[in-house]
Amino acid sequence: RIASGRLPRWSPAGHWLSFLDRQDRLILAPYQSPGAEARVLIPALETQGSDVFGVGEYLWSPDERFIFYYLLTTPESQAAGVYKRPIQGGARELVYQPEVGKILSDLYLSAGGIHVNLPETGKQVILHEGKATVLPEGSLDWRYAPDGSGRVIFQQGSVQWEPLGEK
């Protein structure tokens, strides 16, 4: 065993292994020697508090320069939001902050941008080039293809493919 933790993720090109350790710190380890030369990218003081309970989800940017993540928070927390952290170090940047009282879930990446769900509204938000686009109610049941060519729609027990783009 090389480490203890949860949510292991390979970077897109396979240069890094990332995971959350038992203190909910985000750890980066170079692929050539996982466990050796590992370093903390997101410290526990950012992921723990009276209204923060750890990292909910995280994902890599395609160019391996950033990690995007959201925190598990109480609905009223000012720390609720999607953050971007450069893997070479530096401060986190708030990319999206939901309205007070909204909880985030299910972070994933497509050609359209970073997707995050707002479960209690039944909506999905796409973050792209500094803008947040709120999709219509029911969009929680959509999953976009990584290349942006279409989306899968889960509706009333069936699964449908919908191509996007030129017809």
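Guide: Buried means under 20% relative accessible area, exposed over 50%, and partly exposed in between, with a 1.4 Å probe and protein chains only. By that cut-off Leu135 is buried, because its relative accessible area is 12%.

Visitor: What kind of model is this, and how are residues numbered?

Guide: This is a predicted model; local features need pLDDT of at least 70, side-chain atom pairs count only at pLDDT 80 or more, and totals for chains, interfaces and linings use all residues. Residues are numbered from 1 along each chain as its sequence is written, and side-chain values use heavy atoms, with hydrogens and water left out.

Visitor: Back to Leu135. Where does it lie?

Guide: Leu135 lies in the loop between β12 (131-134) and β13 (142-144). Strands here are DSSP runs of E, at least two residues; helices are runs of H or I, at least four; both are numbered from the N terminus.

Visitor: What does Leu135 touch?

Guide: Not counting residues up to four places away in sequence, Leu135 touches Lys123, Gln124, Ile126, Trp142 and Tyr144. Contact means heavy atoms within 4.5 Å.

Visitor: How far is Leu135 from Gln124, C-alpha to C-alpha?

Guide: Leu135 and Gln124 are 5.4 Å apart in space and 11 residues apart in sequence.

Visitor: Is Gln124 buried or exposed?

Guide: Gln124 counts as buried, because its relative accessibility is 0%. Gln124 sits in strand β11 (residues 123-128).

Visitor: What does the Gln124 side chain reach?

Guide: The Gln124 side chain reaches the backbone oxygen of Trp142 at 3.4 Å. A polar contact is a pair of N or O atoms within 3.5 Å; within protein, one must be able to donate a hydrogen and the other to accept it, and residues adjacent in sequence count only if both atoms are side-chain atoms.

Visitor: Which residues does Gln124 touch?

Guide: Leaving out residues up to four places away in sequence, the list includes Tyr108, His115, Asn117, Thr133, Leu135, Ser139, Trp142 and Arg143.

Visitor: New topic. How many helices and strands are in the chain?

Guide: The chain has one helix and 15 strands. Its radius of gyration is 17 Å, close to the 15 Å that the globule rule gives for 167 residues, so the chain is as compact as a globular protein of that length. That radius is taken over C-alpha atoms, and the rule is 2.2 Å times the number of residues to the power 0.38.

Visitor: What box do the C-alpha atoms fill?

Guide: Roughly 50 × 35 × 30 Å, taken along the principal axes. Buried residues make up 41% of the 167 residues.

Visitor: Now Trp60. Where does it lie?

Guide: Trp60 lies in strand β5 (residues 52-60). Trp60 counts as buried, because its relative accessibility is 6%.

Visitor: Which side chain does the Trp60 side chain make a polar contact with?

Guide: The side chain of Ser18, at 3.0 Å. Beyond four places in sequence, Trp60 is also in contact with residues including Arg9, Trp10, Pro12, Trp16, Phe66 and Leu109.

Visitor: What about Ser61?

Guide: Ser61 is in the loop between β5 and β6. At 5% relative accessibility, Ser61 counts as buried. The Ser61 side chain makes a polar contact with the side chain of Asp63 at 2.6 Å. Ser61 is also in contact with Pro12, Phe66 and Phe68, leaving aside neighbours within four places in sequence.

Visitor: What is the phi of Glu64?

Guide: Glu64 has a positive phi of about 65 degrees, although it is not a glycine. Glu64 is in the loop between β5 and β6 (66-73). Glu64 is buried, with a relative accessible area of 10%.

Visitor: And the phi of Asp24?

Guide: Asp24 has a positive phi of about 65 degrees and is not a glycine. Asp24 is in the loop between β2 (16-20) and β3 (26-30). At 7% relative accessibility, Asp24 counts as buried.

Visitor: Last one. Where is Ala79?

Guide: Ala79 is in the loop between β6 and β7 (82-86). Ala79 touches Val52, Leu71 and Thr73, not counting residues up to four places away in sequence.
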